[in-house]
Amino acid sequence: MKEVAVAQKAILGRAASRRALVVFALGAVACRPGGVRMENSASHAGASLGSSSTPAAEGPEITVVSYNVNYGLASCEGGRCSADAETVRLIESIDADVLLLQETTPAWEKVLRPLLAERFPHATCHDPTTYVAGGNCTFSKLAITEDEALPSPVGWFPANRLVLTSEAGPVEIFNVHMRPQISESGSWIAGHFSTGGLRKREIDSYTPSFAKGMPTIVAGDFNEDVGGDALDVLDDLGFETGFEAIGPKKKTWHYTAYSIPLAMTLDHVAFEREHFEAVSVDVLEGGRSDHQPVKVTLRMKR
């Protein structure tokens, strides 16, 4: 597909894509009053950038964390694999029932499996198949009974469908990494306005796999903000994100260009309102990925 080939060529090299995204983000800043604001941040791994919560109520809870770890922060050389120490410390500090990672690679898997095995006895990883940033891993305290890779209909990053065994019964989770906002010509600015329909095609191809009547969560790097095309599809199906449910919306992608801090909300945990209610939402600080982990605790409705 010409569009995919051109766009993938444009994204090759994290440094080059960041520079392009900086141009896009600066353009976005210029188009809205007040520009981009960075939240206050703490200095240690695993610190929260601020949390929101609702009053406690009865019902089993499940905590889900989604984190794009950055494929370039882990590597293997001579049979020995390593990853960025600060990012690893952040991942080790995360307390959750389910940890969904995007942009994992065989190097990331080899580093993380032994480190997380004791706390997360159930795990599955899918190596990249279409692009080096297209891998994903799930580490879970809950047993994994189904594990299915779903290809992207636009040729980008595959999704992973899982069924886990929770206290209240089976829960379906989709670990997604949606198409970036890159146009056919490689422009992030044009892509911001022209690629929403492609992410809609992706989510439309995944929704037929939703198990009827089973509580479902869709989480990951959506590469779009609340109100984007893919999230609009989920909203029409009865989903909402943690940010939408109890807010406030927080930035999950950060970059500093020429001393100018840039931030956007690209990562989400979406859940069915029929089956869940949001208890708390956090964005955790730490690591050296350009993304931050989103941590959402959900209460299951009986």
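**Ground rules.** I'm working from a predicted model, where local features need pLDDT of at least 70, side-chain atom pairs count only at pLDDT 80 or more, and totals for chains, interfaces and linings use all residues. Residues are numbered from 1 along each chain as its sequence is written, and side-chain values use heavy atoms, leaving out hydrogens and water.

**Disulfides.** I searched the whole structure for disulfides (cysteine sulfur pairs within 2.5 Å) and got 2. Numbering the bonded cysteines in sequence order, I wrote the pairing down as 1-2, 3-4.

**Cys 76 and Cys 81.** I found their sulfur atoms 1.9 Å apart. The S-S bond has 100 degrees about it, and the link is right-handed. I then checked exposure (buried is under 20% relative accessible area, exposed over 50%, partly exposed in between, with a 1.4 Å probe and protein chains only). Cys 76 is partly exposed at 39%, and Cys 81 is also partly exposed, at 23%.

**Cys 125 and Cys 137.** Here I read 2.0 Å from S to S. The torsion is about 115 degrees, so this disulfide is right-handed. It links distant parts of the chain, with Cys 125 in strand 6 (residues 122–126) and Cys 137 in strand 7 (residues 135–140), 12 residues apart. Strands are DSSP E runs of at least two residues and helices H or I runs of at least four, numbered from the N terminus. Cys 125 is buried at 16%, and Cys 137 is buried at 1%.
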